[in-house]
Amino acid sequence: MKQRDELVVGVTVFAALFLIVVGAIWLSQADLGQGGSRFTARFRTVGGLGVGDPVVLRGVRVGRVAEIRLGERNYVEAELQVYRDVAIPPRPAIIAASASLFGEWQAGIISLDQAPDDPNVRRALDEAAAEGDDLWPGATLPDIGQLTAQAGRIATDIASVSSRVQQAFDSTAVAQLQESIRDFGRVADQIATFTEQQTNVLRGVGVRLDEGSELLTGAAQSLKSSLARVDSATNQGELARILENTQMASEQVREASRSFNELLGAARENQQSLVRVIQAADSVASRIENRMGTVGLLIGDSTLYVETTLAVQQLRQLLADIQANPRKYFKFSVF
Amino acid sequence: MLRFVLKAVARGLASLGAVGHLLADMVRGLRDVDVWPRLTVVQMRRVGVDSLPIALFIATFTGIVLSLQASYTFTGAVPLYFVGTAVGKSIMLELGPVLTGLALAGRVGANIAAELGTMKVTEQVDALETLAYNPSSYLVAPRVLAATVMFPLVVAVAVAVGVGSGLVAAVNLLELTTVEFVRGLRLFYQFKDVWFGLLKSMSFGFAIALIGCYCGLGVRRGAEEVGRATTRAVVLGAQLILVLDAFWAILLL
């Protein structure tokens, strides 16, 4: 009984201790037997980085933070346990940053040449690197709490600005703004109408352009055919004949021009006679207009016109009576 | 009323003194190395190994409930892998040691008080003294040592089973994979989580066994007083567990 108790107790104790040890190692993800190297990084502050937090290289866990201690000249030094056979990039640096929104932190190994494009981070890395020893330079990115605080300050500023805008926009300003908006609406309507009209005009222009384009196309085709004819005519000697005809026509035109010049010379010679005739006609017209001479008196005196008309009528009656009764006025006898 | 309070305070101080006296006797009894080691193994079996079923039963259902309640709480706001964090942290730091301690306060504390009370009533303790055995080294030291050693081990197994049951519940009842649960479990893990829980449970075992011995050896007359001593041992043990829990939290967290 006693031996059995001892055995059972021994097994239980061993199992429980085994559970504790193995469980603790498994949970801490300790790299038993892997060895590795230790590096020290220098920070101004490590933020939320703590012992046991992962060390990652390009997102892959390659170690853990083994120790954090205060260093000289207001620095903080973090000991990093990095697994064996991990290729460290040239000019290594450490960026401590939140791994998630829920408070997890990690130390990322980067090359100093590939540091984030953040002036604060750059400054921190340069400052830590300027110490000139073997310690890796380190910088800390702001965690979500700091970002949230910054966002809160921005929100406060926006609230302040909106409050000022609210004060600036009193009822008068709002009414003016409304009126401006109405005016703008009217202008927009007019612009729309004008645009519609111009669109119609442009549409007409476009149609005409189409027609013109068609005419040009026809002309081009005619020219093309003419050129083709010219081309073919050249081949058949017609062009030479056309040129001869053209030359002949040119000579005839030249001859006609010469005749026309001669005609112009004759006309120039008759010009003075014509001027005199025109002056005489003008004189006669002036005398008629001034009621001088027979014609003038006839035109200017209505009595004469009436008498003349009456005389003409009587003459017509006389002629008609002569035609009707010729024997009354003419007497023919042979003997 | 004042007299009642003063009497209660005086009784409490007297009890404290008696416990201190018992503890001092036990320490002195540790010199009898021929007596208590072999008896301790027997007590380790009774206090520790035999308590495993009830401890594991409690841990199993604690893990399941924690997993489901954590997922219920986190829905829509917190990633579900934090179920692993909640289950691991809660069981390792608090629920594993305390619930197991309360269960063992009832089982072990009552057992010790009833056994020693009966021995006292039946004058077996007097017989031991007559045979030149120191009751402290023969009765108290093995029980207290066994409880102090075995409580952390029982709690460790209970914690492992509780986390395991939480994992099984999360994988089968929630939309959570084993990898996600383990990720959450490891997320904020520190070795302190383990040793803090074990240290607490060690103190619980020591206190429960010591109170059980004190209540049992304090019996003077009859079976009725044995029953009262048993009840008292359980109540005092449970109270001490909560007080020590707060004490360690204030001291170490």
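Two strands are taken to pair if DSSP finds at least two bridges between them. Helices (H or I, at least four residues) and strands (E, at least two) are DSSP runs, numbered from the N terminus. The model is predicted: local features need pLDDT of at least 70, side-chain atom pairs count only at pLDDT 80 or more, and totals for chains, interfaces and linings use all residues. Residues are numbered from 1 along each chain as its sequence is written, and chains are lettered from A, ligands numbered from 1, in the order in which they are written.

Chain A holds nine helices and seven strands. The seven strands close into a barrel, in the order β1-β4-β3-β2-β6-β5-β7, with mixed pairing. Neighbouring strands of this sheet are turned by 35° against each other on average, direction ignored. Axes here are lines fitted to C-alpha atoms, for helices over the stretch in contact, and angles run from 0 to 180 degrees between N-to-C directions.

T40(A) has E79(A) in β4(A) as its bridge partner. Helix α2 (residues 119-129) of chain A lies across β1, β5 (92-98) and β7 (136-140) of that chain. Its course is at about 150° to β7(A).

Contact means that the C-beta atoms of two residues, placed from the backbone, lie within 7 Å. Of the contacts in chain A with a separation of 6 or more, 51% are between residues 24 or more positions apart. A residue is buried if 20 or more other C-beta atoms lie within 10 Å of its own, exposed if 12 or fewer, and partly exposed in between. Of the 335 residues of chain A, 11% count as buried.

In chain B, α6 (135-173) has 39 residues and reaches 53 Å from its first C-alpha to its last. That is close to the expected 57 Å, taken as 1.5 Å times one less than the number of residues. α6(B) bends by about 35° at A141(B), and P142(B), a proline, follows within four residues. The bend is the angle between axes fitted to the seven residues ending there and the seven starting there. Of the 39 residues of α6(B), 32 are buried.

Helix α9 (residues 222-252) of chain B reaches 44 Å, close to the 45 Å expected. Its buried residues include V226(B), L236(B) and I241(B). Their cover includes α4 (82-121) and α8 of chain B.

Between the chains, 17 residues of chain B are in contact with 16 of chain A.
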